Amino acid sequence: MSGFASLRLALSAAFLGALLYSPLAAAQSAAAPAQSAVTLGPSGLPLPRFVSLKSGRVNSRVGPGANYSVDWMYLKAGLPMEVVQEFDTWRRVRDADGSEGWINQSLLSGRRTAIIAPWQRGKGAQINLMKSPDKDARVVAIVEPGVMGTIKSCDGQWCEMTLDGHTGWLAQAAVWGAYPGERVKD
């Protein structure tokens with residue numbers, strides 16, 4: 001092998017090594033496990049995920065099928081639910097209080113809704129709905145914990161929501177219906 005070829009080979013190896021071990025490559029490989037950590041259910045959709053109820057009368061069953069007994073009936077269309085498991089056309093869901101049951105997928109919608117700070121219900125807390133996604137923005141409305149609204153978007157820190165005709169921004173940490181850091185587009 002000529003001196004020039006061995007020099008070219010050595011430089012190629014050094015370049016490849018620098019490329020593979022650069023901070024950017026290290027950051028991308030560190031981010032890769034987080035992206036691949038998303039679990040997909042049999043439907044091809046991520047688990048867990050948030051959905052909402054389509055109807056004002058939805059039975060929650062003790063098992064994934066119409067022959068299982070009804071454990072609970074939800075009476076509020078648009079109520080947010082967290083899908084935690086899938087079996088055929090049935091979805092195991094969890095509500096904001098932590099109760100779980102099975103609901104047929106035909107009664108669930110991808111429309112994103114949320115309950116505001118349900119963990120603060122009955123504690124006298126009030127949440128400010130802001131004009132813009134900034135803690136120092138003007139207050140549009142004062143919301144009691146447990147109020148339900150529609151998510152328009154979330155940027156990972158703030159969610160733009162419509163609550164009883166008022167549209168504004170809430171800290172995403174005060175929303176049960178979007179995961180911390182999750183981005184949502186309506």
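User: What makes Gly98 stand out in the hairpin of E7 and E8?

Analyst: Gly98 sits in the turn, with a positive phi of about 95°. Between E7 and E8 there are 5 residues. This is a predicted model, in which local features need pLDDT of at least 70, side-chain atom pairs count only at pLDDT 80 or more, and totals for chains, interfaces and linings use all residues. Residues are numbered from 1 along each chain as its sequence is written, and side-chain values use heavy atoms, with hydrogens and water left out.

User: How do you know that E7 and E8 pair?

Analyst: Strands are DSSP runs (E, at least two residues), numbered from the N terminus. Two of them pair if DSSP finds at least two bridges between them. E7 (residues 90-94) and E8 have 5 bridges and run antiparallel, so the pair meets that cut-off. Val93 is opposite Gly101 in E8.

User: Why is strand E8 called mostly covered?

Analyst: Buried means under 20% relative accessible area, exposed over 50%, and partly exposed in between (1.4 Å probe, protein chains only). In E8 (residues 100-104), 4 of its 5 residues are buried.

User: Why is Ala117 called buried?

Analyst: The relative accessible area of Ala117 is 2%, which is under 20%, so Ala117 counts as buried. Ala117 also has a positive phi of about 35° although it is not a glycine.

User: Is Asp164 buried or exposed?

Analyst: Asp164 has a relative accessible area of 75%, which is over 50%, so it is exposed. Its phi is positive, about 50°.

User: What makes the bond between Leu47 and Pro48 cis?

Analyst: Omega is about -10° at the peptide bond joining Leu47 and Pro48. Most peptide bonds are trans. Pro48 lies in the loop between E2 (46-47) and E3 (49-53).
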